[in-house]
Amino acid sequence: MTEQPMVVVSQLHKSFGPLEVLKGIDLSVARGEVVCVIGPSGSGKSTLLRCVNLLEEPSAGTVVVNGVELTDEDCDLDGARIKIGMVFQSFNLFSHLSVLDNLTVAQRKVLKRGKAEAERIAHENLERVGLSEKATSMPAQLSGGQQQRVAIARALSMNPELMLFDEPTSALDPELVGDVLGVMRQLADEGMTMLVVTHEMQFAREVADRVLFMDDGHVVEEGPAEQVIGNPRQERTQTFLARVL
Ligand code: ADP
Ligand code: MG
């Protein structure tokens, strides 16, 4: 029996009023697979990611994550979303809470973990992202790269089965990008299933099992990173890469 994929998106369409942003996306992500999504600004990458956890409601099509159809109107969305971690370009930490409290609040409220257990798991995940010594800091005392690593540790503290990253390094000063990519690379090595929108072509090349190039609401090209980035077949992919590489 072949193992059920972690994500199956079928014929996904999304419009905002008259604007059709996703025009029939098919996407499958296997368990343990790392898929990077690249493409020009405005092509629908963020909308696709937000449809995968139903932060945006698709106009048509189906989204199945971990065997659960999120687009089914009877779906327990809150329950299904617990298994999906998301990291945004803007770090979205709770600015009035310490790093430790940022990592424990959802564990306690959503997973009903006790204080001691939630804090133990928080410390484990801070160690994972190299920030053990920052537990008592406030977000504003951290660099952007450290804040983003806290955001990753916070997501990991919920034991997600799937991690969605939307340009996690785009808001960072160049010298801080490497640490965040390093944490993501380590997660990939540990076998986390990841769907990553990124402009970091080197990262995509080295870490992604598969790369999708999106343009104008379509997946124009997909395949191994070496092929899509190293030797693209479609003219639109070639034009995009010529601009960003
Ligand atoms: P990307 O992440 O590839 O830059 P987006 O998915 O953010 O692209 O946006 C694709 C298109 O959808 C853009 O034209 C954007 O303006 C539009 N869009 C995104 N979100 C909304 C929204 N909530 N309401 C209206 N238009 C939106
Ligand atoms: Mg975007």
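In the hairpin of β9 and β10, with two residues between the strands, Asp216 adopts a positive phi near 50 degrees. The strands here are DSSP runs (E, at least two residues; helices are H or I, at least four), numbered from the N terminus. β9 covers residues 210-215 and β10 residues 218-223, and they pair in the antiparallel sense over five bridges; pairing takes at least two DSSP bridges. Phe213 has Glu221 in β10 as its bridge partner.

This is a predicted model, where local features need pLDDT of at least 70 and side-chain atom pairs pLDDT 80 or more, while totals for chains, interfaces and linings use all residues. Residues are numbered from 1 along each chain as written, chains are lettered from A and ligands numbered from 1 in written order, and side-chain values use heavy atoms, without hydrogens and water.

Turning to ligand 1, the residues around it (a heavy atom within 4 Å) include Phe16, Leu19, Val21 and Pro40. The shell splits into four nonpolar, six polar and one charged residue, with Gly counted as polar and Lys as charged. Both β2 (19-29) and α1 (45-52) supply at least two shell residues, and α1 gives the most, with three.

As for polar contacts (N or O pairs within 3.5 Å), a polar backbone atom of Gly42 sits 2.7 Å from an oxygen atom of ligand 1. Lys45 brings a polar side-chain atom to 2.8 Å from a ligand 1 oxygen, and for a side-chain N or O atom of Thr47 the distance to an oxygen of ligand 1 is 2.6 Å. The protein covers 59% of the 560 Å² of accessible area (Shrake-Rupley, 1.4 Å probe) that ligand 1 has on its own.

Key:
A polar contact is a pair of N or O atoms within 3.5 Å; within protein, one must be able to donate a hydrogen and the other to accept it, and residues adjacent in sequence count only if both atoms are side-chain atoms.
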